[in-house]
Amino acid sequence: MSINNLNTAISYLKGVGPARADLLKSELGIRTFGDLLNFFPNRYIDRSQFMMISQLQQNSSEIQILGKITELRTVQQAKGSSRLVATFSDETGTMELVWFRGVKWIKEAIKINTPYVIFGKTNFFKGLFSMPHPEMELLADYNKSLRTAMQPVYPSTEKLVNKGVTNRVISKMMQSLFEELHGNFNETLSTDVIERLKLISKNEALLNIHFPRTQEMLTKAQHRLKFEEFFFIQLQLLRKKLIRKSKFKGYPFLKVGDYFNHFYKNNLPFELTNAQKRVLKEIRKDMGSNAQMNRLLQGDVGSGKTIVALLTILIALDNGFQAAFMAPTEILATQHYNALVNFLHGMNVNVKLLTGSTKTKDRKILHAQLESGELHILIGTHALIEDKVKFRNLGIAIIDEQHRFGVEQRAKLWKKNVLPPHILVMTATPIPRTLAMSLYGDLDISVIDELPPNRKEVVTAHRYDANRLSVFKFLKEEIAKGRQVYVVYPLINESEVMDYKDLMDGYESITREFPKPTYQISIVHGQMKAEDKAYEMQRFQKGETQIMVATTVIEVGVDIPNSSVMVIESAERFGLSQLHQLRGRVGRGAAQSYCILMSSFKLSDDAKVRLKTMVDTSDGFKIAEVDLKLRGPGNLMGTQQSGILNLKIADLVKDANLLKIARSMAMELLDKDPDLNAAENRFIRIAYMELSKNSTQWANIS
Ligand code: ADP
Ligand code: MG
């Protein structure tokens, strides 16, 4: 058959008229034969077994019974609606079938005293079993249909079911489709790939995914289709990277000059870790080529990304370019600014900070210096992408915590450039490798997987609210040693009022427990003005206050080495990555640090796993893996919008190994045949072109 048949509108399929076609389109996104063919069941049920009515048990799962309807009656309900009740019997007993919707239509369609196969879940009430909205089929039809023990169950919606497009109807459509197309489809992989991975053919895979012959064939079909799904996504991502590297020119930063060398010799306060050195080498190699760097730098909290950013910036300066450093919040931007000014002491580098609270007068100077090239490094928040901000020659843009900046926002940074600047995106949210492969598969990734030496692991404990007094006692001991303490409350947007109340109640009880003048307390929360927040942060930073009571506004990046205890209230309400981020606020100085997770006794299973994971490990990547398993890829931070995660059949968590295989096969293929021109890759090329043409989901993500 030819490609064209798969592009036929679904309304032309037997059993699908214009009305159903509209429904399929709006509910399931199915427009063509091909869409239907690639609409896969999400599970299968064993329909080789029949139950007798006398064998029925309460709480059984879906079951199948053979019997006859002996009587049909309509029962009036409240509000004028009615339900349809059928008496259904086999040789061993009697039960009821019940419909609440589509009563009229079903009543007309049902044949009395004719053998039916019914399928569904049963309820048990007052000694009688009943099955609401059973799937049913005349025995005669049942015996005729292309059917196997494993009955596919397709994803559905309430609207579809209400309009009579049940699972059985979809199965019927699938059957018509296979008849129409004679079960014959184009192969999409090369013989080489198929043989090496011992995959079954496309024809066998499609047939068995919809009409499995045996469990074994079903497994093989799933394997082949999952592989294929990953393979083509990876092919797309890797090709995008290839094209970007060959077509998108970047400024070649050929030399390492005075700025870098002077800094390295005189200002660098510590020896770089091996991971930092390795990453810096990767960055230098990128920036020294003629291509634009587009690199993601992953490194756990405290792994030392800032210094890597600074060294990268100095290379740009050495080559006569300016640098931009963007942070998601004013607090963080200010902190980066202070850190850089500090690192660069005694050097002739012009660094400025631009945030929402920068005064107009200062802005004017800054804009002028930026355009003249006098300003070397501009650090700031979103304010950096305002129209008035124009770099003379931006060579590198460093973006901290990437998930908060959109693609278009970033592009605004380099409006004046001839070529795009090199880009380094830094994130402290570790992303499991498999997820990174899909989300950022077209970027280059560097990982700092080593903490600076002499870091003591943060001791983490889980305590119940009932033990609060002993926790307070511990805090007092730490404060007596000159340490500082964070107490963090959750902030979850749905009930900001309640969260605010929790915070204020907590604040009050802490002020009672830790009275002035012995203790000084800062408070920072989302409803405060930026300048008030900054003021309180500064008091804490300078050591004027010992306790910082805060909502999660301090979550990312805040660096106050003297603080050694992080108390997280209602820890069960936080996600794992947030807990990990918060814990990263301590353990930055020389002292042993602690993280105390407070919770009530009532914990969900997931919450138990989260808290235990935090107590057991401090490895951000391990924590991210657990998070991925608990929440699924779609819910992880920053991944929501990515269409790449709308997988049809593969699962990023369960099929992680297959993803790795698919990626390496795709790499190998592109190494040998980057444009997919070879005769043996013809099928791959055709399938690839077809997919690229039809998909908008593979739009830019970097
Ligand atoms: P993050 O990756 O979380 O942004 P930072 O860059 O803030 O981490 O670094 C955390 C702390 O570790 C900073 O105080 C920094 O100066 C220090 N640091 C970074 N690299 C090293 C190193 N190689 N040796 C010792 N300390 C380091
Ligand atoms: Mg940082």
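In this predicted model, a backbone N or O atom of Gly 304 lies 3.1 Å from an oxygen atom of ligand 1. An oxygen atom of ligand 1 is found 2.7 Å from an N or O atom in the side chain of Thr 306, and an oxygen atom of the ligand is 3.4 Å from a polar backbone atom of Ser 303. Of the 570 Å² of accessible area that ligand 1 has on its own, the protein covers 81%.

The surroundings of the ligand were then examined as a whole. Ligand 1 is surrounded by 16 residues, and the closest are Glu 271, Gly 302, Lys 305, Thr 306 and Arg 455.

On the side of α11, the contact is made by Asp 258, Tyr 259, Phe 260, Phe 263 and Tyr 264. These meet Ile 307, Leu 310, Leu 311, Leu 314, Ile 315, Leu 317 and Asp 318 of α13. The residues of this contact comprise ten nonpolar and two charged, with no polar residue.

Another part of the chain forms a sheet. Six strands make up an open sheet with parallel pairing, in the order β17-β22-β21-β18-β20-β19. Strands β17 (459-464) and β19 (521-524) stand at the edges and have a single partner strand each, so one side of each is left without a neighbour in the sheet. From one strand to the next, the twist averages 20°. In general, the strands of a sheet pair through backbone hydrogen bonds, in either a parallel or an antiparallel arrangement.

Within the sheet, strand β18 (residues 484-488) pairs with strand β20 (residues 547-550) in the parallel sense over four bridges. Val 485 has Ile 547 in β20 as its bridge partner. Helices are also placed against these strands. Helix α20 (residues 530-541) packs on the sheet and touches β18, β19, β20 and β21, with its direction making about 145° with that of β19. Helix α18 (residues 468-480) lies across β17, β18, β20, β21 (563-568) and β22 (594-599), and runs at about 160° to β22.

Notes: Residues are numbered from 1 along each chain as its sequence is written. Chains are lettered from A and ligands numbered from 1 in the order in which they are written. This is a predicted model: local features need pLDDT of at least 70, side-chain atom pairs count only at pLDDT 80 or more; totals for chains, interfaces and linings use all residues. Side-chain values use heavy atoms; hydrogens and water are left out. Two strands pair if DSSP finds at least two bridges between them. Helices (H or I, at least four residues) and strands (E, at least two) are DSSP runs, numbered from the N terminus. Axes are lines fitted to C-alpha atoms, for helices over the stretch in contact, and angles run from 0 to 180 degrees between N-to-C directions. Contact means heavy atoms within 4.5 Å. A residue is near a molecule or strand if one of its heavy atoms lies within 4 Å of it. A polar contact is a pair of N or O atoms within 3.5 Å; within protein, one must be able to donate a hydrogen and the other to accept it, and residues adjacent in sequence count only if both atoms are side-chain atoms. Accessible areas come from the Shrake-Rupley method with a 1.4 Å probe; for residues, only the protein chains shown count as cover. Ala, Val, Leu, Ile, Met, Phe, Trp, Tyr, Cys and Pro count as nonpolar, Asp, Glu, Lys and Arg as charged, and the others, Gly among them, as polar.
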